[in-house]
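I opened the model and kept notes on what I looked up.

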Amino acid sequence: MDKSFARNAQECNRLGIPLGAYWFSYALTAEDAKKEAQYCLAAVKRYRLEYPVFYDLEYASVGYAAKHGVTIDKKLATQMALAFCSEIGKARYYASNYCNLDYAQNMFGQEVFDRFDFWFASYRSTCSRRDAGLWQYSDKGRISGISGNADVDLDYSFKNYPEIIKKAGLNGL
């Protein structure tokens with residue numbers, strides 16, 4: 001759990017800034033990913049989320065697993081993403097996956113993209129995936145109010161998630 005999550009989520013809700021969440025995974029099995037989804041739901045349930053809850057499996061996740069004797073291959077990564085997102089969806093939250101081009105091509109099976117939206121990280125001039133719901137196009141943003149030398153990820157939404165989620169009665173809305 002990010003140490004700043006609660007404060008940031010409270011402030012977004014207080015100021016009317018649309019909020020979503022992502023869970024950086026350290027799962028070693030699909031059952032672990034399901035448990036992570038339960039922890040994630042417990043963490044977000046007190047906040048108004050107008051964007052999806054994302055599963056985030058990255059290189060550091062795979063490295064962590066390797067240190068614990070587990071090789072995360074495409075089959076296992078797919079099982080974990082499906083387990084996490086299915087558990088989130090079962091709780092009536094809008095579940096999605098987060099990944100970069102490498103992971104979209106090599107770590108997740110098509111069934112993940114067929115069943116769930118995804119947030120695509122690709123620092124190029126255009127988004128190469130037409131099926132992405134969100135596109136993270138930069139990690140070099142600067143935002144007024146964020147002090148220091150902190151780079152900020154910049155994203156573009158191809159879908160009106162607040163409207164979609166509200167109309168579907170998801171995320172407790």
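This is a predicted model: local features need pLDDT of at least 70, side-chain atom pairs count only at pLDDT 80 or more; totals for chains, interfaces and linings use all residues.

**Notes on the sheet and the chain**

Residues are numbered from 1 along each chain as its sequence is written, and side-chain values use heavy atoms, with hydrogens and water left out.

I next looked up the strands around this pair. Strand β4 (residues 117-121) and strand β5 (residues 134-141) pair in the parallel sense over three bridges. Two strands count as paired if DSSP finds at least two bridges between them. Trp-119 has Leu-134 in β5 as its bridge partner.

On to the next strand: β5 and β6 pair in the antiparallel sense over five bridges. Here the bridge partner of Trp-135 is Tyr-156 in β6. I wrote down the general rule that strands of a sheet pair through backbone hydrogen bonds, either parallel or antiparallel.

Then I asked myself in which order the strands form the sheet. The order is β1-β2-β3-β4-β5-β6, in an open sheet of six strands with mixed pairing. At the edges I found β1 (21-24) and β6 (152-157), each pairing on one side only. On average, neighbouring strands of this sheet are turned by 30 degrees against each other, direction ignored.

I also checked a helix. Helix α2 (residues 30-44) lies across β1 and β2 (53-56), and runs at about 140 degrees to β1. Axes are lines fitted to C-alpha atoms, for helices over the stretch in contact, and angles run from 0 to 180 degrees between N-to-C directions. Contact means heavy atoms within 4.5 Å.

Along the sequence I read the pattern α-β-α-β-α-α-β-α-α-β-β-β-α.

Last came the overall values. A compact globule of 173 residues would have a radius of gyration near 16 Å, and the chain agrees with its 16 Å. The radius is taken over C-alpha atoms, and the globule rule is 2.2 Å times the number of residues to the power 0.38. I recorded a box of roughly 45 × 35 × 30 Å for the C-alpha atoms, taken along the principal axes. Of the contacts with a separation of 6 or more, 59% join residues 24 or more positions apart.

Conventions:
Helices (H or I, at least four residues) and strands (E, at least two) are DSSP runs, numbered from the N terminus.
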